[in-house]
Amino acid sequence: MDFLNRLGGFAKNMGNKTNDLLEIGRLNSRIHAEEDAIDQHKFDLGDYTWDKFQTGVAMDERSTVICLAIREREQKIQAMREEIDAIKRDKQAGQKEQSAQAEGAAQLCPVCGGEIEAGCKFCGDCGTQLR
Ligand SMILES: [Zn+2]
């Protein structure tokens, strides 16, 4: 009987330990949820400060320095976007020029100087074979 009592106490103890671990795990995940919420609040605080800066509200030095850094990066982004647009425009212009050349500039026969239709292997005027 003494043995059974002890066994029972042991089992009860194990059960408590399991419950403790579950409770700790539960509390830890609640702590993480609160920490995530704090991060979101800080993010909102940053957005709020940035909005104030943009509307010209005077701020303390530290906030101003951070906002100026954001503005500088935004200007960099803007410059890079303009570079991308310029590259795309150049490419399009190049393609248009190429197709205009392909359409417009007729090939001339090296022998008689006659105009040769696109894709022809022989000159239609003098019959010279073309490469
Ligand atoms: Zn010819």
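**View 1. Gly 56 in the loop between the helices.** Gly 56 counts as exposed because it has 7 C-beta neighbours inside 10 Å. A residue is called buried if 20 or more other C-beta atoms lie within 10 Å of its own, exposed if 12 or fewer, and partly exposed in between, with C-beta atoms placed from the backbone. The loop that holds Gly 56 runs between α1 (2-54) and α2. From Gly 56 to His 41 the C-alpha to C-alpha distance is 23 Å, for a gap of 15 residues in sequence. The model is predicted: local features need pLDDT of at least 70, side-chain atom pairs count only at pLDDT 80 or more, and totals for chains, interfaces and linings use all residues. Residues are numbered from 1 along each chain as its sequence is written.

**View 2. Lys 76 in helix α2**. Lys 76 is exposed, because 10 other C-beta atoms lie within 10 Å. Gln 129 is 53 residues from Lys 76 in sequence, and their C-alpha atoms are 58 Å apart in space.

View 3. Helices (H or I, at least four residues) and strands (E, at least two) are DSSP runs, numbered from the N terminus. Mean pLDDT, the predictor's confidence in each residue from 0 to 100, is highest among the elements in helix α2 (residues 61-104), at 90, and lowest in strand β1 (residues 107-108), at 82. For the chain the mean is 88, and 95% of its residues reach 70 or more.

**View 4. The extent of the chain.** The C-alpha atoms fill a box of roughly 120 × 60 × 15 Å along the principal axes. Of the 131 residues, 1% count as buried.
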